[in-house]
Amino acid sequence: ACAGSQISQSTGGQKESSSKSGEGTVNIGFSGPLSGPAALYGERTLNGIKMAAEEINNNGGFEINGKTYKLNIVPLDDKYLPNETASNAKRLLQEYKTPIIFTPHSGGVMALQVFNETEKFLIGAYTSEPDVTDAGNSLTIGIPPRYDGYVEPFTDYAMKRFGKKLAALPPSTQYGKDWTKTLLPQWEKKGGKVVYHSSIDFSKETDFFTIVTNALKEKPDVLFIGGASEPTAKVAKQARELGFKGGFIIMDQAKLDFMEKITGSYDVLEGSVGVLPLVKSNDPGAPAFVENYRAKFKDEPSSESGLNYIATYIFVEAMKAAKTVDDAEAIRKHMQDGLDNLPKDKRVYEIPSIGDDGRLEVKRKVAVVEDGQIVLKVVD
Amino acid sequence: MFLETRQLTKQFGGLVAVDHVNFSVEKGKINAIIGPNGAGKSTFFNLISGFYPPSSGQVMFKGQDITRLPPNKIAKLGIARTFQTTHLFEQANVLDNVLIGFRLRTKSNLIDALFLTKRLKREEEQSKEKAFEVLKFVGLTNMENKIVANISQEEKKRVAIALALATEPEIIFLDEPAAGINPEETEGLANLIEKIVQHNITVCLIEHKMKMVMNLAHKIMVLNHGKKIAEGTPEEIQNNETVIKAYLGGSAIA
Amino acid sequence: MEIFAQQIFNGLTVGSVYSLVALGLTLVYGILHIPNFAHGALYMMGGYITLTMMTKFGLYYWIAIMISMVIVGLMGVLMERFIFYPLRDAPPIQDKIAAIGILLFLEAFAQFVWGADYQTMPTPYGQVVSVMGLTFTMQRLLIIISTVVVMILLFLFLKKTFIGSAIIAMSQNREGAHLVGINTNKMAMLTFMISGALAAIAASLSSPINLVFPGMGHLVILKAFVIIIIGGMGSIPGAIIGGYILGFAESLGATYISNDYKDIFAFILLVLILTFKPTGLFAKGGHS
Amino acid sequence: MLKLKGVSVQYGAYKAVRNVDIEVGKGEIVVLLGSNGAGKSTVFKTIGGLHKCTEGEIMFEGKRIDQSSPAQIVKTGIVQCAEGRKLFPRMTVYENLMMGAFIHRKQKKEIENTLHEVYELFPILKEKRNDLAGSLSGGQQQMLAIGRALMSKPKLLLLDEPSIGLAPIIVAQMFEVIKQINKTETTILLAEQNANAALHIAHKGYVLENGSIVVEGSSEELFADDNVRKAYLGA
Amino acid sequence: MTARFKQKAVVLSIVLLALLLPFIIQNDYFFHIMTLSFIWMIGVYGLNLIAGYTGYLSLAHAGFFAIGAYSLGILTVKFEIHYWLAFFLACAITCIIGLVIGLVALQTKEHFFAIYTLCVGYIIYLVIDKWESLTGGVRGLIGIPVPPDLGPISFRSPVSQYYFNLFFLLAAIFMMYRIVHSLTGRTLIAIRNSEELAQTIGISTMKNKLVSFVLSTFFAALSGILYASFIRFIGPDISYITMTFDFLIFLLVGGIGTLSGPIVGTLLIVWISQQLQFLQDYRMLIFGPLLTLLIIFYPKGIVGGIFSWKMKMQEKKKRLSMSAKSATQRAEEG
Ligand SMILES: Nc1ncnc2c1ncn2[C@@H]1O[C@H](COP(=O)(O)OP(=O)(O)OP(=O)(O)O)[C@@H](O)[C@H]1O
Ligand SMILES: Nc1ncnc2c1ncn2[C@@H]1O[C@H](COP(=O)(O)OP(=O)(O)OP(=O)(O)O)[C@@H](O)[C@H]1O
Ligand SMILES: [Mg+2]
Ligand SMILES: [Mg+2]
């Protein structure tokens with residue numbers, strides 16, 4: 001009971017999202033894994049949001065109806081657990097009145113979808129999980145692109161260059177499974193053959209030699225791998241050690257540039273087809289973003305950071321267009337305006353539109369490794 | 001026959017700890033088992049009370065074969081025991097230690113607990129009465145609230161006996177009840193054992209204190225290397241050459 | 001057949017790492033009678049310290065490993081002194097929770113100091129060797145050989161030296177150890193030292209084939225527990241053999257049964273073993 | 001040789017030993033009598049450093065030892081064979097004996113000799129040398145405990161109720177052994193319930209009641225003391 | 001007698017406070033956390049019964065929690081069974097699985113039991129994680145219903161959820177109280193203290209252990225069911241070992257083998273970890289050592305610590321009054 005009174009005390013006072021005077025603060029919530037095994041991922045998503053907010057604030061905030069607002073990001077750790085996400089959201093709503101809450105995992109999003117429509121806040125859902133946007137929740141924005149668009153260009157390239165035999169070694173995450181479910185039929189439809197299929201659990205596997213050995217005994221031409229970049233790179237490296245000469249289809253979660261850091265060179269990844277790394281992107285906002293990110297976080301930017309960065313800008317633009325900072329429904333309605341009004345130099349990705357389901361329709365860029373170089377292959 | 005063993009045998013690996021022992025307990029009497037260290041006396045008790053399964057042979061109690069019964073079933077039939085090293089709930093008080101002894105005669109279960117039935121109340125009362133009764137019997141009135149860890153060795157032995165008595169046994173097996181107890185107190189304990197027999201509970205004990213055994217026992221069995229080497233009245237045993245050589249030594253009574 | 005041989009080799013590699021981790025765990029269990037849930041964190045620290053020594057201070061691989069063994073060993077000692085020693089009279093569950101506290105701390109600490117990202121440990125033994133159609137990498141051979149050497153040394157130490165026997169004696173009866181003049185505090189610290197050093201060497205050997213990251217301890221610790229249970233807790237040969245059993249079970253299970261379900265098989269194997277032998281395969285007899 | 005001056009020991013608030021003075025001369029056998037809970041074992045543990053005394057001091061060969069750790073005390077030559085034996089149950093008899101020689105671990109030769117002596121005293125230990133200590137019977141364990149204590153060649157041997165749970169024939173042997181050990185210039189402090197036998201081999205005795213010394217004197221004096229006779233000799 | 005009375009008064013006032021809280025505080029977040037704490041507490045009581053009172057540390061607790069939650073989820077979402085029927089069935093399913101597992105697991109003892117159940121828990125996790133067609137795999141189950149309206153009462157608002165779960169918590173506590181203070185409870189404690197001795201005095205240890213184990217799984221299931229219909233989304237994470245550790249931490253910090261320990265521990269840890277949120281990434285840097293220190297300084301938990309402190313005070317008082325008495329006596333004599 002005493003803890004409760006503490007909370008209610010901290011509720012009152014200065015954290016109100018707006019006041020009548022000329023300056024206001026918009027609190028944006030974030031609930032993601034900041035400790036434990038997924039902390040790295042959580043941090044990278046948060047970094048993008050933080051960076052956007054900082055830029056906006058440094059530029060004097062943004063103005064709506066004559067009033068200047070600054071962003072205040074309130075990050076809470078949920079250890080990747082849905083119930084913690086729900087608790088955090090309740091807290092963010094109660095204490096900070098956040099109109100938007102970012103969450104980078106599907107479990108958290110689903111836990112929030114239970115009450116986000118009644119409590120009227122937007123979910124910035126950084127997850128490719130289709131269920132999240134297919135469920136018809138009117139206040140969920142799906143940030144990353146759906147993966148299914150990658151399947152065809154990946155398949156075509158790999159099959160043409162290396163051959164028809166595919167061994168699939170996706171990660172045992174839901175995303176990996178969904179990817180596989182789309183990729184394999186596509187591969188077979190194009191006349192290919194799936195010679196081996198088994199998933200790797202990166203959170204439990206100490207060594208990939210065993211599974212790679214088994215995959216290679218079927219003499220595949222192409223290996224389908226993916227998951228977090230670094231362990232994925234290890235899988236590729238070990239496949240080479242075991243004598244694999246073919247190509248890799250790399251699921252979009254893994255980034256070629258991060259993988260290269262592990263393998264030491266792009267030679268190991270020769271013949272890979274994957275998503276274009278942000279650092280190689282020629283979208284108008286990308287170079288500046290990459291540079292600023294490196295300076296700020298002493299780390300390479302990834303799409304997690306980039307997409308959340310741009311999403312934060314889009315939300316702000318949508319607020320401006322909707323002329324409100326707290327009416328979630330109005331903000332949602334003006335998301336397309338937000339996309340349209342997005343300044344050119346912030347366009348780290350090309351996002352022409354938002355779907356009816358609330359998913360941002362990010363343009364997909366495919367990259368391949370040829371002769372030890374990353375080459376931009378297809379733009380859809 | 002009241003309780004008897006037929007060709008009871010226990011092997012530990014290559015060692016035959018109890019070797020084809022035939023023994024019958026005389027009802028209402030004090031039966032003693034003596035023998036050198038490692039003769040297999042404690043093991044013999046463990047076989048009867050169901051703690052070890054015998055390698056071969058049988059244990060019969062009132063005509064029933066109890067050889068393979070688990071210890072709790074055997075206890076229910078009315079066979080109680082104490083351990084060589086006193087085995088009590090050290091952190092609980094004396095009453096709580098003894099109270100639970102009557103549990104095997106009660107029937108209340110989880111449902112009774114949840115609904116606080118009459119039966120539970122009645123049985124709790126009975127357990128308490130029983131506990132007070134046996135504590136009084138062993139001479140520990142007014143000790144019920146003492147924590148067991150804080151009472152003396154001899155008192156612990158009495159608590160152990162009280163606990164065994166609370167199960168309402170017909171026969172009680174005592175493994176070296178007088179070990180670590182001084183002569184004065186040993187006498188008190190001997191009196192207690194006699195009192196137990198007077199209350200129609202058969203006693204079977206292991207003891208190294210010959211004076212006590214010879215005074216108390218009606219019948220003695222001597223084990224050596226797991227084998228029964230002699231059986232008889234104290235007089236017979238004291239004069240048995242084999243026993244003297246194997247166990248008693250020159251001065252028959254230490 | 002070739003596949004079989006290759007998988008035996010793979011199982012041997014993984015099993016070696018498991019055994020080393022399990023050995024440290026089982027030693028500490030023997031002394032303190034508590035499963036040290038923070039052991040995985042020591043493993044992780046071992047990986048990071050070796051890595052830092054190599055990358056930040058430019059030390060040679062083996063020197064870095066030595067330093068890491070010492071540092072992690074000392075961390076083990078500190079853990080014993082400040083956490084397990086004060087808790088020596090408390091029931092064992094308390095130790096488990098205290099250990100979990102340390103685990104949380106060390107993981108957060110690693111994340112704080114080294115960041116949450118994956119890092120690679122370079123190795124001077126990157127070569128790939130192919131013999132009769134089997135692929136070895138030097139690093140993997142190294143893992144297997146070093147593990148055997150470490151085990152033999154440990155065995156000789158425990159069986160053939162007085163200090164080693166004193167550790168075993170103490171694990172069986174602390175007061176008895178006092179009575180013969182063994183300084184039990186020193187022995188407990190020594191045991192933790194060894195346990196930490198074993199974790200460090202296991203991590204340092206296996207890191208070049210995997211990655212270094214704050215959660216890396218989780219990969220091995222649960223399995224290490226399974227191993228010491230299969231082997232009979234506190235049993236040293238049990239930990240070694242259990243480690244290899246699990247290594248082979250995994251590699252062969254993944255090959256001939258199913259890769260996706262091999263974990264389930266490994267754990268069901270354990271449950272079956274315990275069902276029929278409730279105290280593990282190598283539990284020692286005797287009572288006191 | 002050993003001198004306890006005004007020693008008191010507490011368990012929490014409970015005073016188990018009060019203001020005890022004991023003196024053991026070199027080469028003597030001194031017996032400590034007392035009923036259960038009188039505090040005998042507590043005195044022993046305190047001498048061995050397993051408990052700290054709250055008051056008083058303990059001197060051994062002119063040096064204070066009451067602040068020393070158990071291991072240090074063993075090194076000075078005081079070894080005890082404690083109540084409850086405290087063996088290493090999953091080590092063999094041989095290994096247990098070897099551990100007894102822990103403080104002399106550098107002198108391999110002498111250890112061998114001592115081992116022979118111990119085997120001679122207790123042939124059963126030699127017979128069972130490869131068995132686990134935990135599987136021995138109570139009496140065999142007691143012998144092993146004494147044997148282990150002897151392995152460290154103590155100057156002063158503390159024996160806490162060595163006859164507990166032993167067959168009469170063994171008890172008699174045991175006291176013989178104690179006498180023999182004493183002949184090899186080992187001083188012995190003995191706690192016993194079996195007062196009769198103990199006093200027969202002892203030079204001197206103390207009677208402890210409720211943590212305090214109530215009677216002390218040579219064994220003859222104690223034999224002659226009426227109270228002692230009544231309480232401990234069962235006569 | 002007066003002590004009993006005082007205790008009752010304290011308990012009653014706490015219950016009253018819990019009941020009145022919604023009238024005092026209006027804060028959804030607060031009620032959300034409290035409700036979640038109530039749900040945890042029920043699970044912690046289950047663990048307390050088997051680990052605290054019977055002496056068998058079950059590390060499969062999160063597994064049973066998850067079985068309860070998933071049974072409800074699957075029955076309501078996939079089979080569209082009526083909520084209360086599913087509720088009942090979920091309890092029954094968990095108990096049956098608990099019975100089967102208990103029969104085997106309880107053959108082992110001490111650490112073996114702990115690690116054995118750890119593995120059982122892990123198997124449960126793996127099964128939930130892999131059996132996609134039934135459990136939804138990694139993706140989990142969405143859209144678990146809240147309890148249907150009971151007449152005019154709906155269970156959708158935070159406050160009604162609070163009361164709903166408080167009701168079950170009070171019921172659970174009441175059950176625990178009755179069990180612990182009955183012959184059954186004494187029997188369990190006897191087993192905890194020494195199983196060998198319990199057997200020689202005729203207690204069927206296996207049967208009693210089994211009863212305790214199954215009951216503990218029942219509590220776990222109840223907790224899981226309430227969780228599922230509160231969060232309304234479940235994933236395999238809830239069966240993972242970290243969850244068991246959380247239960248264990250709640251229990252230990254509060255005081256294992258005590259009736260109020262689960263409440264104290266859960267509230268304390270849940271709120272501490274909420275209050276440490278401002279530390280963000282460094283939360284565990286503080287929480288870990290804090291937990292360790294709590295355990296070192298209160299090895300019997302907060303409640304155990306308070307008990308010992310009380311005992312000490314009582315002793316002191318006794319001694320004081322005794323010396324006072326002897327002083328007055330002396331004075332009278334003098
Ligand atoms: N669990 C066991 N495993 C192996 N050997 C055992 C076991 N229990 C007892 N023994 C052996 O069986 C023999 C008989 O032991 P037991 O304890 O029955 O002797 P005892 O007659 O009670 O002796 P004491 O009077 O010394 O207590 C001994 O040699 C002992 O070493
Ligand atoms: N660890 C302890 N904590 C609290 N009290 C203790 C402890 N050890 C012994 N005592 C108490 O101290 C007193 C003296 O015990 P001690 O063991 O020294 O007696 P003893 O003379 O050796 O008796 P015995 O013949 O039974 O071995 C007893 O009342 C005992 O209950
Ligand atoms: Mg015996
Ligand atoms: Mg004593």
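Biologist: Between which chains does ligand 1 lie?

Modeller: Keep in mind that this is a predicted model. Ligand 1 lies between chains B, C and D.

Biologist: Which residues are the closest to ligand 1?

Modeller: Of the 22 residues that surround ligand 1, the closest are Gly38(B), Lys41(B), Ser42(B), Thr43(B) and Ser135(D). Helix 1 of chain B supplies three residues, the largest share of the shell. By class, the shell has seven nonpolar, 12 polar and three charged residues.

Biologist: Which polar side-chain atoms lie by an oxygen atom of ligand 1?

Modeller: For Thr43(B), the distance from a polar side-chain atom to a ligand 1 oxygen is 2.5 Å. For Lys41(B), an N or O atom in the side chain is 2.8 Å from an oxygen of ligand 1. His208(B) has a polar side-chain atom 3.0 Å from a ligand 1 oxygen. Of the 630 Å² of accessible area that ligand 1 has on its own, the protein covers 88%.

Biologist: Which residues of chain C does UniProt annotate as "transmembrane region"?

Modeller: The unreviewed UniProt entry gives several spans in chain C, including 59-85 and 187-205. In the model, residues 59-85 of chain C are 89% helix and 0% strand, with end C-alpha atoms 35 Å apart. Residues 187-205 of chain C are 100% helix, and their end C-alpha atoms lie 27 Å apart.

Biologist: How many disulfides are there over all chains?

Modeller: A disulfide is a covalent bond between the sulfur atoms of two cysteines. Here the count over all chains is zero.

Biologist: Is Cys81(D) buried or exposed?

Modeller: Cys81(D) is buried, because its relative accessible area is 2%, and buried means under 20%. Cys119(E), at 1%, is buried too.

Technical notes. Residues are numbered from 1 along each chain as its sequence is written. Chains are lettered from A and ligands numbered from 1 in the order in which they are written. This is a predicted model: local features need pLDDT of at least 70, side-chain atom pairs count only at pLDDT 80 or more; totals for chains, interfaces and linings use all residues. Side-chain values use heavy atoms; hydrogens and water are left out. A disulfide is a pair of cysteine sulfur atoms within 2.5 Å. Buried means under 20% relative accessible area, exposed over 50%, partly exposed in between (1.4 Å probe, protein chains only). UniProt positions are given in the numbering used here, feature names are shortened, and annotations may be inferred rather than shown by experiment. Helices (H or I, at least four residues) and strands (E, at least two) are DSSP runs, numbered from the N terminus. A residue is near a molecule or strand if one of its heavy atoms lies within 4 Å of it. A polar contact is a pair of N or O atoms within 3.5 Å; within protein, one must be able to donate a hydrogen and the other to accept it, and residues adjacent in sequence count only if both atoms are side-chain atoms. Accessible areas come from the Shrake-Rupley method with a 1.4 Å probe; for residues, only the protein chains shown count as cover. Ala, Val, Leu, Ile, Met, Phe, Trp, Tyr, Cys and Pro count as nonpolar, Asp, Glu, Lys and Arg as charged, and the others, Gly among them, as polar.
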